[in-house]
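Trainee: Hi! I'm new to this one, could you walk me through it?
Mentor: Happy to. Let's bring it up and take it topic by topic.

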4 protein chains.
Amino acid sequence: MTRLAVLGCGRIGQMHARNIARHSRTTLGAVFDVHRPAAEAIAAETGARITDTADEIFSNPDIDGVVISTSTDTHVTMIEAGVAAGKPMLCEKPIDLDLDRVNACAHLLSKGEVPVMLGFVRRFDPSHGAVRSAIANGDVGELHQVVITSRDPDLAPEAYLKVSGGIFRDMTIHDFDMARFILNEEIDTVFASGSRLVAPDLMDRLDDFDTVSIIMTTASGKQCVIGNSRRSVYGYDQRVEAFGSNGMASSENRKPHAMVLSGGGFSGKAAPCLDFFIERYNDAFNAEIDAFADVVEHGAPPPVSFEDGRQAQRLAEAALKSATGHRPVKMKEID
Amino acid sequence: MTRLAVLGCGRIGQMHARNIARHSRTTLGAVFDVHRPAAEAIAAETGARITDTADEIFSNPDIDGVVISTSTDTHVTMIEAGVAAGKPMLCEKPIDLDLDRVNACAHLLSKGEVPVMLGFVRRFDPSHGAVRSAIANGDVGELHQVVITSRDPDLAPEAYLKVSGGIFRDMTIHDFDMARFILNEEIDTVFASGSRLVAPDLMDRLDDFDTVSIIMTTASGKQCVIGNSRRSVYGYDQRVEAFGSNGMASSENRKPHAMVLSGGGFSGKAAPCLDFFIERYNDAFNAEIDAFADVVEHGAPPPVSFEDGRQAQRLAEAALKSATGHRPVKMKEID
Amino acid sequence: MTRLAVLGCGRIGQMHARNIARHSRTTLGAVFDVHRPAAEAIAAETGARITDTADEIFSNPDIDGVVISTSTDTHVTMIEAGVAAGKPMLCEKPIDLDLDRVNACAHLLSKGEVPVMLGFVRRFDPSHGAVRSAIANGDVGELHQVVITSRDPDLAPEAYLKVSGGIFRDMTIHDFDMARFILNEEIDTVFASGSRLVAPDLMDRLDDFDTVSIIMTTASGKQCVIGNSRRSVYGYDQRVEAFGSNGMASSENRKPHAMVLSGGGFSGKAAPCLDFFIERYNDAFNAEIDAFADVVEHGAPPPVSFEDGRQAQRLAEAALKSATGHRPVKMKEID
Amino acid sequence: MTRLAVLGCGRIGQMHARNIARHSRTTLGAVFDVHRPAAEAIAAETGARITDTADEIFSNPDIDGVVISTSTDTHVTMIEAGVAAGKPMLCEKPIDLDLDRVNACAHLLSKGEVPVMLGFVRRFDPSHGAVRSAIANGDVGELHQVVITSRDPDLAPEAYLKVSGGIFRDMTIHDFDMARFILNEEIDTVFASGSRLVAPDLMDRLDDFDTVSIIMTTASGKQCVIGNSRRSVYGYDQRVEAFGSNGMASSENRKPHAMVLSGGGFSGKAAPCLDFFIERYNDAFNAEIDAFADVVEHGAPPPVSFEDGRQAQRLAEAALKSATGHRPVKMKEID
């Protein structure tokens, strides 16, 4: 059994803690949160030990790997500590809102002695993964266009949005990674259009967008479209469409159950989409832990690397520059 | 152009008249109805001639073929006149409510000099036809089970129901034919269960059923289930499912348009099924006229024969005997 | 935490043991199997204790409730031991192949001091459950027809089939329970038709059927159709359709992922159905443990009772009598 | 009956001629084509008269309205002749490849004495129309994002592509009109990205694109994405998705039949999309003739105006400027 610890017991940290505790290959050794009651609650539920500091976890020889789900501004510090301690890490996205810090961290990691896996969980989703497989096995043929739809069920609280870095760095970053995962080729140009339609006053206050549409192109001319909204009343809308010379592979939405109702004047009425990431990507989060266990146990290279995290953030920077500058941005402009 | 005439200008006769008038291979030469205003209306719309009697149509050398959509009790008389006149006929179902008359008529037709095609229009439906093709080309493998669902949008008027011969002879007869079309093997045993749930008082008065479930088996053990209801509030529910050793082919419902709505608490809400047979089987009715034109022009054997009509009626008799006698009925009991 | 034990560590017992070990409300206290290595494997995986006898479990005050997944012929003995020990039990179906033993056991349980819950897991399926809710909340209106489709991916091994009691007692029994769950009214008459199409030689040898179609009716005239096959090449086909005066609620099949492929000559090609009960009813098995924990902790009445198990078996007996006697069987004939 | 004539008997002119001849409200008075055999073939099929010149049709008092489906470069000349003759016209898109000529023609028509209806047939599609209705009736709420997918089954012949004006003016123009139809607000900015992926050599030769992705925004911040490809091996992919504050309305693809196949390793395999515009928009083309008959008979204002045609062409010009200039283009730059 791989012994893992979780740093940061917010919503996603709690979920990781539970998944790890229940997972057949892992045990939850310890949890830490700067706000101790958050750690206490999940410790009580899972039987994990609580530590007073993150360092106690990094220095504990009984911990084989660490999941970093603290607040974004502490990720790089945690990674540095983990590298010093030689502990494999699974770090939530984004790495840091400041690309310079990310680049410096990349430099630190360049020796490759301590593996850092990035938490782009959607890569582990069976449906999105099947799109990638359909491309890999030739069912789609030569890839031409990718369309990624990603709409959250609702706005996060203002307090969170304030420190999130904005929609591109916080929300679209998953779609930037999905684009790279599906395209299997680096992005060359980004054009982003941002609007304030869901909560215009709040967005004005935050100088942020709640509705974005993006076109990205690769050097070979492949096109990728991303559509985001911060509020979707029919649930968490998560779709990927890959179109190519031999056909199209689409990852469709999933529902909590498969009951369908027909009545006077309608047919086919189904449940809304699964509510949010914890429900929608439940299988994926477990598969992510599985993949991280492979990294920890066997030293397997992380299937989602720090560099994947850095590239997604470069795309977020490019999108922000594009949306605010109203022009397409070349990726070589971003460093 | 094949010149056709329509005898009987009720709802289905009017539809045939319009289809024939618009069809690229046929012209509508004449129409007749015992109730002259019914004929006049469709004649005015299509430019067809009206005759005072059916005989004028049968004796008219300018008429190449005749569609019989008069009331059921006159079908056999019309067929006899058509045979005497040597005119190919397309006769609506059922042939006659009295199986003895049907058998006598079969005897008359046994020389095969004058082709009579039966109006089992569903055989020409592209979706049901694709189920049969999937069986023929091996996609289903060896056929094991067939499930036919057929629910009318609503009860016909009481005046019609009174003379319809009951649900088995009037409504299920199409499903009996579909069963034979899909099974491609004769039925050996019929067990039918009839209930009065949609309009119990009316059904009591008519000594009829409005809700039936039927199991039929062939000598080789294939099973066919039919489910009927006289009222389906989400439209005309018309499905066929064929299950076998290699897979399943299903003919699903069709909708008037493909708009799908998702909103607060639901997703996938679509239009109800197409309203009734004129809408649902529109393509099939045109294909039926096409097939009848082949019979008339080229002397092609009718793709749906008088014998098909007779067999479906034998099944209706068996079902009635089963539902009222509460026992499975062997087809050899019916003659 | 509710401390449960599992008696019988075959395929379904192992699954229960894992589910209990991982469940947030339960711990797996002990496991037992007459074939000790089977118990050892699951004990090693879950950390549960192994006992040499079932009695050790029944007499252990640290065990709050017992899951009985031993071979069918031992169920009644286990229940008797559990009653003597006062331990709440969750017993797999069928209770016993001999209805007389079932009736005797029912008599023993009639005082109701020790709760016995029956393992009809499909009642806990979110999609089937949503059909029942749609009826309960009036979306379906007055219920008229129920269609249950249940096709296994493949034949069980001959060794198992030999002792299974035949298709009605082993496989259809789940559908009989589903019929009662959805109809919410007792069955009055059963007509079953059995064929040997999947593996005719084996079925001849076993004097069993591999393909069955059943019509059941209630006193009020509701109709329920069940279709079963022992082999479905596109996966485990599990559907429920409830049709009534206000509409239709259907529980559709579930797939392992939602990727859909379109290519030259086709569209919409999706994954096959989830493989078998462990995959398809995964959520339901966990919800079943949840419900059993309620029974154990709070003394809640079992949501699926021993009487539900007995009634499903009476229906299996009626179906067997009908299929072999080629006649509808009244439930009052079965005692 | 409204008497219509068809100028230009190419593929779409032939289709209009047939639809008019079969339509219950219209008769086909005359047809003309510069290549007389093209006119002869359709005249023979429909019984319409052939004229030697277009003028004969414009000057014929027996012709109530004219469908212009000649080559694009003659549209303006035909419209001028029609205005002089006072004949209502239904003109195929695009009006002219030269926006200056279009603007001059708009000036001529500004008195509004002679109605000109534009052939944006997709506005009459029941599914796309239902999306617009869902917006109009509030089901979508405040509109935020529109996604239009439009992929042709295959490249037109090179000879046609050479004179087509390029993908934006020839193909995307329908989607530009659909965007305006669904958004119900004028476009402010266009960003287009064009690639050569389907037939790179041919596109190089023609200096055209075969794969385009477009983002358009309105002044209020609504976003519209268009995705086009010249080749889709699974048929003519025609979808519209409208997302807003209350939900999403989607117009899904239509198939020639509703048979669905499940087999070893797959489920849900359906027919490909309907082949191309004649099949896909069959109902819409008939509804378009219906709407034109209203214009001709009752002087109803054309539901798709010349100005709609001009605006779509301005969008095409903007898209071309954007794709070749690699920058977003403001609509006020285009005149």
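**Between the chains**

Trainee: Could we start with a salt bridge? Which side chains meet in one?
Mentor: Good place to begin, and keep in mind that this is a predicted model. The side chains of D:Arg151 and A:Glu241 form a salt bridge, with N to O at 3.0 Å.

Trainee: How many salt bridges are there between chain A and chain D?
Mentor: The count for chain A and chain D is four. There are also 22 residue pairs in polar contact between these two chains, both residues being at pLDDT 80 or more.

Trainee: Which elements of chain A touch chain D?
Mentor: Those giving two or more residues to that side are strand 7 (143-151), strand 8 (187-195), strand 9 (211-218), strand 10 (223-229), strand 11 (237-244) and strand 12 (247-251) of chain A. Strand 9 of chain A gives the most, with six residues.

Trainee: And what classes of residue are on that side?
Mentor: The side of chain A that touches chain D has 12 nonpolar, 19 polar and seven charged residues.

Trainee: How many residues are in contact there, and what area is buried between chain A and chain D?
Mentor: In contact are 38 residues of chain A and 38 residues of chain D. The area buried between chain A and chain D is about 2,900 Å², and carbon and sulfur atoms give 58% of that. In chain A, the residues losing the most area to chain D are A:Leu197, A:Ile215 and A:Phe243, which together make up 19% of what that side buries.

Trainee: Why talk about area at all?
Mentor: Because the size of an interface is often given as the accessible area lost when the parts come together.

Trainee: OK, now chain D and chain B. What do they bury between them?
Mentor: Chain D and chain B bury about 1,900 Å², with 54% of it on carbon and sulfur atoms. In chain D, D:Arg22, D:Ala258 and D:Met259 lose the most area to chain B, together 25% of what that side buries. As for contacts, 26 residues of chain D meet 26 residues of chain B.

Trainee: How many salt bridges there?
Mentor: Between chain D and chain B the count is zero salt bridges. Polar contacts are present, though: 12 residue pairs, both at pLDDT 80 or more. On the side of chain D that touches chain B, the elements giving two or more residues are helix 6 (126-136), strand 12 (247-251) and strand 13 (259-263) of chain D. The residues of that side divide into 11 nonpolar, 10 polar and five charged.

**Helices inside a chain**

Trainee: Switching topic: how do helix 4 and helix 5 of chain A cross?
Mentor: The axes of helix 4 (residues 75-85) and helix 5 (residues 99-109) of chain A come within 11 Å and cross at roughly 10°. Helix 4 of chain A and helix 5 of chain A are therefore roughly parallel to each other.

Trainee: Which residues make the contact?
Mentor: From helix 4 of chain A, they are A:Val76, A:Thr77, A:Ile79, A:Glu80 and A:Val83, and from helix 5 of chain A, A:Arg101, A:Cys105, A:Leu108 and A:Leu109. By class, that contact has six nonpolar, one polar and two charged residues.

Trainee: And at what angle do helix 6 and helix 8 of chain B pack?
Mentor: Helix 6 (residues 126-136) and helix 8 (residues 167-183) of chain B pack at about 30°, with their axes 9 Å apart. That makes helix 6 of chain B roughly parallel to helix 8 of chain B. B:His128, B:Val131, B:Arg132 and B:Ile135 of helix 6 touch B:Met178, B:Phe181 and B:Ile182 of helix 8.

**Backbone details**

Trainee: Last one: where is A:Pro94?
Mentor: A:Pro94 lies in the loop between strand 5 (89-91) and helix 5 of chain A. The peptide bond from A:Lys93 to A:Pro94 is cis, with omega near -10°. In chain D, a cis peptide bond joins D:Lys93 and D:Pro94, with omega about -15°.

Trainee: What about D:Asn184?
Mentor: D:Asn184 has phi near 60°, a positive value in a residue other than glycine. D:Asn184 sits in the loop between helix 8 (167-183) and strand 8 (187-195) of chain D.

Technical notes
Residues numbered from 1 in each chain as written. Chains lettered and ligands numbered in written order. Predicted model: local features only at pLDDT ≥ 70, side-chain atom pairs only at ≥ 80, totals over all residues. Heavy atoms only, no water. Contact = heavy atoms within 4.5 Å. Buried area = accessible area lost by both parts, 1.4 Å probe. Polar contact = N/O pair within 3.5 Å; in protein donor to acceptor, adjacent residues only side chain to side chain. Helix = DSSP H or I, 4+ residues; strand = E, 2+ residues; numbered from the N terminus. Nonpolar A, V, L, I, M, F, W, Y, C, P; charged D, E, K, R; others polar. Axes fitted to C-alpha atoms, helices over the stretch in contact; angles between N-to-C directions. Parallel < 35°, antiparallel > 145°, perpendicular 65-115°, else oblique.
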